[in-house]
Structure formats: C-alpha cells, structure tokens
Amino acid sequence: MTASEGGTVLIVDDDREVVRTYHRYLEGTYDIREAYDGESALDELDDDVDVVLLDRLMPGVSGGEVLDRIRDRGYDVRVAMVTAVDPDFDIVDMGFDDYLTKPTTREELRRTIDDLLALDQHAVDVREYHALLVKAAALREGKSRYELEENPAYADLESRLSDLEATLESEAGDLTDDSRFVATLRAIDTAGEDADG
Amino acid sequence: MAEGDARADRYPLADAIPVDLDDFGPGMNVLVSGPPMSGKRQLVFDLLSPEGAAPDPIVVMTTDDPASRIQTAFEDRGVRFDPEVFRVVDATGAPGDSDSAIHRVSSPADLTGMGVAFTQAVDGMGTPDRLRFGFVSISTLLQYVDAERAFSFLHVLSRRTSAAGYLGVYSIDPTTHEDRFVNVVTSIFDAAIEIRERDGDRELRVRGLSGVKPEWTAFPH
C-alpha cells in the first residue's frame, strides 16, 4: 500500500476512451496507473499496486495471460476482470478476485475497488491479531495472574486484542461470498514474507 | 438458544465423548488436541458422524491422510461415500483419479487452492444449511506454511464455516509444536477437546465451554 489513502489502482484496457473514463471516475481518491496492453501492464506492476482493473479481451497478451503472469510472479495484488459480457465461467476458478461488466458505472467501479481493498485489510487485520496473540502469550509465560494485571503493557495488549476481535467478527460475514472468501485466502497466500510481524 | 425450535439447528454428539454434553451449537469451531496415536483422528470422525445421530452432510479437508484412507475410515463407520452428502478436499498432493466426491489440491502450501476446493465441495452439495466440516491436521499444515499464514488460513476458514452455521472440527498434535503456537492457535476455537495418556490409560477433557467442567475423564477405546 502506498501513501495514498485510497490505494493504487492500475487500469488496463486497449480502449483509451475506457481508460480515460475510469481515470475520471477514480481520480482524487486513488493513485492511478494506466496501461493499454498486457505487456505494459506487467511493466507498470510493482508491489505498490493494490488493485488491477484488467480488460479480458485485448490484442496481443490477453487479460487471462496477464493474470497468469501476475499470479506466477506472486504479486500481492487483487485483480478485477473487466468483460463486455457476464463471464460464463467460474471466476473463482480462474484466479480473478472479482469482475465488472462493461459499461461500468462510477459507483460500481469504486465499490468493487473498495471491496477488494477491504478484504486485503481483513487479511492484514488477521495477521495483526496473530502478532498480538503471540505477544500476549509471550508476556503470560512465567508470570502470575497478579503480575499480569499489574502490567500496563499487558492491559493495553488485551484491549487492542478485544477491539481487533470485534473488527474481525464484523468483517467475517462477507466470507460466505465465495469470491471474497477465496480472494482473502489469496491475499494471505501472497502476503510478503517481510510483512511478518 | 433459549427458543425451543432453535435446538434443531444444533449438532447432536450422541455418545461421541464421555462428557455431559448433548450437542454443539451452529457455527461452532472445536479443536481436538492429542499426542500421536491417541485416537484424535477417530474422535474427529466421531464428531463428524456420531453413531446414532441423524447424518449431516460432511466435508473433510486433509493435509496428511490421502482421500482413499479417509473414505475407508468413513465407510467402516457406515457413512455413504456419496458426493451428495460426503466430500473430501485432498490437499496431500497424492495422485489419484478425479472423482466428484474428491477435490484435489496440489499441496497444503496452496491455501488459495484449498479455499477454492472447499467452495466447490460445498457448492457441489447444493450449499446445505447444515454441514459438519473436519480438518486433519493443523500439525501437517504447519510443515508447509509458516505459523502466521497457518493461523490466518485457519482463522478465515473457521469464520467462513461459522458464518454459514456449520460445525468445524480440527485436529492438532500439541507435542510437535511450541506451547506458544498451540496457545495462540487454540484462541481461534470456541472449545478444545484435549486427549492425554496416563499410565497407559486414555483421558479426555473439554475446555472453553460454560457449563462443562474441564475435568479429566476416562476415554477408553
């Protein structure tokens, strides 16, 4: 994630008019990058990109091929496929995290991006929860209940844990959606090793 | 759970464990913990298909025993190996024929693949209202992914089944991990059933449930 609060979005479409429209829909909220074919999409991609809006049908390297290379290279990025028609196949199977059907409204586009960023956030929150639990377990070792109650660091940890638990439970309802569930696992799979707390 | 008709949503245990406990609530996640050869796998299977209880749809996700052994174990218990009501997600990487009841994943390191296979298994069974989900085992998973990823995966998977009202039962061998990891991973679960052996006798206790005292009880086999 970059300094921009909204995250960084890479728009990939061979139709420059489409790219211009999406740019207009998204500017001001997200950092935006653009590519007009599959090769340059891969050039534009780095660890700062959070979401890719990927046109499925492009001359040269197709959206599907770009996706395969993104997954092969292990980028921690969520990918929404953009198609002209409703996909007649299982997007969960294909490795996409979500899809959009053209023409896309401003609201749809932004909601899809925000949902993808939210499930990234869920993966980050679970990781944070794990780190805090490890810290709490370490503090408990060899300490009496009284010592722990007197320890302000432990009390602080306990309150952060219960806040985080409430956040995680509130986010968990979305997991019954298959594509959200799988995309969250993908975010866990692809999270960088250096992100370990 | 005070409403009378809500009990229908619960998961009866029949006599699977020698403890005064009739059932688990919908969405519960239970950890079965015990050393090697202590009968914990048997207990996980007992909780998925308790003798004498009305059968529920079952999905077993395995990282160690291949699907064929899971299948044999359930057939021995009289469970029909029918993809309408019983499926296995085999993440052992063991070769085998494709089968509508067996969803294969190349390795326990492929957490996304295991998630995809889970959704396909549940979708293939018509997304039932009730389902008992088993996971064997957390210890094997830990040989393929780091503790943080394993924790995150188990957290997300267990919340997924909870949100659907399913019962989740997971096994772990605590003797192969640091105490700290076992403590941390246990916090994912609503209850833990611990098995131990003392002087050749097997004992069991249930922790984490209000109304059930965590006392060691003989658990003969």
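Ala14(B) counts as partly exposed because 15 C-beta neighbours sit inside 10 Å; the label covers anything between buried (20 or more other C-beta atoms within 10 Å of a residue's own) and exposed (12 or fewer), with C-beta atoms placed from the backbone. This is a predicted model, where local features need pLDDT of at least 70, side-chain atom pairs count only at pLDDT 80 or more, and totals for chains, interfaces and linings use all residues. Residues are numbered from 1 along each chain as its sequence is written, while chains are lettered from A and ligands numbered from 1 in the order in which they are written.

Back to Ala14(B): it is found in the loop between strands E1 (11-12) and E2 (23-24) of chain B. Helices (H or I, at least four residues) and strands (E, at least two) are DSSP runs, numbered from the N terminus. Thr127(B) is in the loop between helix H3 (111-124) and E7 of chain B, and is partly exposed because it has 13 C-beta neighbours inside 10 Å. Here are some backbone angles to check by eye.

| Residue or bond | Angle |
|---|---|
| Ala14(B) | phi near 50° |
| Thr127(B) | phi near 45° |
| Val136(B)-Ser137(B), cis | omega about -5° |
| Lys102(A)-Pro103(A), cis | omega about -10° |

Ser137(B) sits in the loop between strand E7 (132-136) and helix H4 (138-141) of chain B. Over in chain A, Pro103(A) lies in the loop between strand E5 (98-101) and helix H5 (106-140).

Now for strand E3 of chain B (residues 29-33), where five of five residues are buried. Asn29(B), Leu31(B) and Ser33(B) point one way, and Val30(B) and Val32(B) the other. In a regular strand, side chains alternate between the two faces of the sheet. E3(B) pairs in the parallel sense with strand E8 (residues 167-172) of chain B over five bridges; pairing takes at least two DSSP bridges between two strands. Four bridges also join E3(B) to strand E9 (residues 191-198) of chain B, again parallel. Ser33(B) stands opposite Ile172(B) in E8(B) and opposite Glu194(B) in E9(B).

Helix H5 of chain B (residues 147-163) is largely enclosed by the rest of the structure, because 15 of its 17 residues are buried.

Finally, chain A is divided into domain 1 (8-113) and domain 2 (119-195), with bounds from an automatic or database domain assignment. Their C-alpha centres lie 30 Å apart.
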